[in-house]
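Please look over the sequence and the model shown below before reading on. The report then goes from the chain to single residues.

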Amino acid sequence: DGHFCALHGGGKRCQVEFCQKLAVGKGSKCTAHGGGRRCKHEQCSKSAQSSSDFCVRHGGGRKCKQDDCCRAAQGKAGMCSA
């Protein structure tokens, strides 16, 4: 388990039956099944992004580097998909 990267079978897996995704943080579930930090916006159950307390829809995560763009950045380039 400790000898391989996540792609090749290393890491702790989600404990939900038939799920092969990685468990997040100290928990036993992936983000799709409720693992990790949750958005703190009232009645939102999505995953919090990056070091923020909110999901992308509620202002969390990295923002696009393009001036006057307020969309979420994707990938290493730091730009949105527009």
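What follows covers the fold of the chain, its surface and charges, and then selected residues.

This is a predicted model, in which local features need pLDDT of at least 70, side-chain atom pairs count only at pLDDT 80 or more, and totals for chains, interfaces and linings use all residues. Residues are numbered from 1 along each chain as its sequence is written, and side-chain values use heavy atoms, with hydrogens and water left out.

**The chain**

The chain has zero helices and zero strands, where helices (H or I, at least four residues) and strands (E, at least two) are DSSP runs. The radius of gyration of the chain is 15 Å, well over the 12 Å given by the globule rule for 82 residues, so the chain is more spread out than a compact globule. That radius is taken over C-alpha atoms, and the rule is 2.2 Å times the number of residues to the power 0.38. The C-alpha trace spans about 45 × 30 × 20 Å along its principal axes.

Of the 82 residues in the chain, 21% are buried. Buried means under 20% relative accessible area, exposed means over 50%, and partly exposed lies in between (1.4 Å probe, protein chains only). Among contacts with a separation of 6 or more, residues 24 or more positions apart account for 0%; contact means heavy atoms within 4.5 Å.

**Surface and charge**

Arg37 and Asp53 form a salt bridge through their side chains, at 4.0 Å from N to O. Arg37 is partly exposed at 41% relative accessibility, and Asp53 is partly exposed at 35%.

**Selected residues**

Leu22 is in contact with Ala6, Gly10, Gly11, Lys12, Arg13, Cys14, Lys29 and Cys30, leaving aside neighbours within four places in sequence. Under the same exclusion, Ala6 is in contact with Arg13 and Leu22. His33 touches Cys14, Val16 and Cys19, not counting residues up to four places away in sequence. Leu22 is partly exposed at 34% relative accessibility, Ala6 is partly exposed at 31%, and His33 is partly exposed at 34%.

The table lists C-alpha to C-alpha distances for some residue pairs.

| Pair | Apart in sequence | Apart in space |
|---|---|---|
| His33 and Phe54 | 21 residues | 17 Å |
| Ala6 and Asp53 | 47 residues | 25 Å |

Backbone angles are the last topic. Most residues other than glycine have a negative phi. Phe18, which is not a glycine, has a positive phi of about 70 degrees. Phe18 is exposed, with a relative accessible area of 75%. Asp68, also not a glycine, has a positive phi of about 65 degrees. Asp68 is exposed, with a relative accessible area of 83%.
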